[in-house]
Structure formats: structure tokens, C-alpha cells
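Below are some notes on the model, set down as numbered points. They begin with the packing and then turn to the overall form.

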Amino acid sequence: MKNFSRLISIIFLSFSVLLLFYVFYRAQIYHSGAQFDYYLKYYFITFLFIILSFISFFIPKKLRVNIAIASITILIFIYLFEGYLIIKSNLDKKQIRKNNAEIYKKYSDINYDVRSWVEVYQNLKKENPAWVVSIKPSEFIFEKNLSYLPLSGLPNRKTLIPCNENGYYPSFLSDRHGFNNPDLVWDKNEIDFLLVGDSQLLGYCVNEPSTMAGVLRGLNGRKNNIINLGYGGHEPLMEYAVLKEYFNFKKTKRVVWFLYDRDLEDLGRELANPILLN
């Protein structure tokens, strides 16, 4: 009993120290310190675990064993309950999609696409292997050893947007730079509007002409004189980088920057990226 109870304390202490190293790795190395505020609560929890681990060496052996058994039982229950919630959530999502499909069909007489975006993408790839999915450039911010940072999608490709808010998954044919534009707009001698922004500007859940750029083209009457440089996941420094890369001062009359105020919270993440910092 004595050796077993001491072993419990050693395992608890070892686990707490390893957890501390993992939190440090995620906060200071993987995210380069940019999300310290987010990981602060995890630092607090791991230090609490370490303190409790040391205390466990000095409490009665029998009590130590009982606490360990109770803790393991609670942990098993928590994971079982979490598994139940995950299964229930997936079933609820399927039921919600089914209900949405019935309502959508009733009021629009159009079939609601109840498939996941993965299923849609797989079917499209069977028809044409050149199809791609719109991936947010911000996903690459913490990638190590990159010599460049993508600011858009792949050029001249049919691109699926993984969003279904209106009964369908939107798509677009990207231009030579991977943005949502008619490619010939880059050959124009004069640009009326150069638009910069994030997923809302890209038109993340709608097809043309329902995007902001599409509506502006319709109002403007000069369909190919508007360049849309919006893309999902763009943050302030990324949007500035887009301007640095693609803004032609001589050809462009107006620049309109669509800035979502909560994007300012992501500046810390961007400042941790040496490419964006340059």
C-alpha cells in the first residue's frame, strides 16, 4: 500500500510537469507567444496540479489512494459523457439539416443540399480532379520554415466554398492570382474599385452576383472594372500585405477596405509571423 500510494503521487507529479511543458510548447513555441492570454488559464491549472502533486506526498496513504480512485472514476465519467454529447450533437445536426431541407423545399420549391462539404467536394473531384477547396491563408500563420505566406487560393481553379447557409455550397472560378474575379479584369487599363477584406468580401456563403463585389459590379455598370481581393481568414496585416502585393497605384481610382473590428484581435497572431512582420 505504501509503495502504491507513493507511485500514485509520482505519476500525478510527472503528468503535471509534462502538461506544463506541453502548455509552454503550445503557447511560446507553436504560437510564438502570440496567444499567451488564451493559455494563461492552462498555466494556472498546471501549476495547481503541480502544487497538489507535492501536497499528495504528505497526506495519509489510504486517503491518497481513495482520492486517486475517485479522480480516475470522475475522469472516466467525464469522457463517457463527452462521447455521449458528441454523438448527440452529430445526430442533432443531421436532424437540423433534415428540418431545414423540408422548410426550404416548402417555401422555395428547391431541394436543400443536406450533404457535408466533404461529400460535395469528393463528388466534384470525381467529375473534375482540378476542383479545390477554399482554404483560409491564416491557417498557415504558424507553419514553420515557410519561405512565403499564401494570401489567396490556387489560380484558375474551380473553388468550392465549404459553407451552406442558403441550401447550397457556393463556388467560383479563381483568377490568375487565386481571387474571386473574372480573370480578364487584370488586363484592364483602369480599375474603378479595388476591394480588400476577408470572407465577407469573398462572398463566403453566396455565389455571384450576390457577393459585395458582384452587387457593386451590377450597380457600377462596368462589370470588369472592379477587383475583389477579399479572402476567407484574412486579418489586418494580411489585408495590408494584399495591398502591398497587388495594388497598382496608377491604374486604381479607389480602394475600399472592408475591416471587421474583431479582426483587430488577431493582430498578435500576425505580428508573430516574420513574413507578415516584414
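1. In this predicted model, the largest nonpolar core has 25 residues, and those touching the most other members are Tyr204, Ile227, Leu229, Met238 and Leu276. Strand 4 (191-196) and helix 7 (236-246) each supply at least two residues of this core. Helix 7 gives the largest share, five residues. In soluble globular proteins, nonpolar side chains tend to be buried together.

2. Apart from this core lies another, of seven residues, which include Leu13, Ala27, Tyr39 and Ile50.

3. Leu229 deserves a separate entry. Leaving aside residues up to four places away in sequence, Leu229 touches Phe179, Trp186, Leu194, Leu195, Gly197, His234, Val242 and Tyr246. Of these partners, Leu194 and Leu195 fall within strand 4 (191-196), while Val242 and Tyr246 fall within helix 7 (236-246).

4. Which residues of helix 7 are buried? They are Pro236, Leu237, Met238, Glu239, Ala241, Val242 and Leu243. The elements that the buried residues of helix 7 pack against are strand 4, strand 6 (252-257), helix 8 (267-271) and helix 9 (274-277).

5. Asn100 belongs to helix 3, which covers residues 61-108. The C-alpha atom of Asn100 is separated by 8.3 Å from that of Gly167, although the two residues are 67 apart along the chain.

6. As for the fold as a whole, the chain has nine helices and six strands. Its radius of gyration is 26 Å, whereas a compact globule of 278 residues would have one near 19 Å. The C-alpha trace spans about 85 × 50 × 35 Å along its principal axes.

7. Of the 278 residues, 33% count as buried. Taking contacts between residues at least 6 apart in sequence, 68% join residues at least 24 apart.

8. The accessible surface of the chain is about 17,800 Å², and carbon and sulfur atoms account for 62% of that area. The chain carries 33 positive and 26 negative charges, and the mean positions of the two sets are 7 Å apart.

Definitions and conventions. Residues are numbered from 1 along each chain as its sequence is written. This is a predicted model: local features need pLDDT of at least 70, side-chain atom pairs count only at pLDDT 80 or more; totals for chains, interfaces and linings use all residues. Side-chain values use heavy atoms; hydrogens and water are left out. Helices (H or I, at least four residues) and strands (E, at least two) are DSSP runs, numbered from the N terminus. The radius of gyration is taken over C-alpha atoms; the globule rule is 2.2 Å times the number of residues to the power 0.38. Buried means under 20% relative accessible area, exposed over 50%, partly exposed in between (1.4 Å probe, protein chains only). Contact means heavy atoms within 4.5 Å. Accessible areas come from the Shrake-Rupley method with a 1.4 Å probe; for residues, only the protein chains shown count as cover. Lys and Arg count as positive and Asp and Glu as negative; His and the chain ends are not counted. The place of a charge is taken as NZ of Lys, CZ of Arg, CG of Asp or CD of Glu. A nonpolar core is a set of buried Ala, Val, Leu, Ile, Met, Phe, Trp, Tyr and Cys residues joined through side-chain atoms within 4.5 Å.
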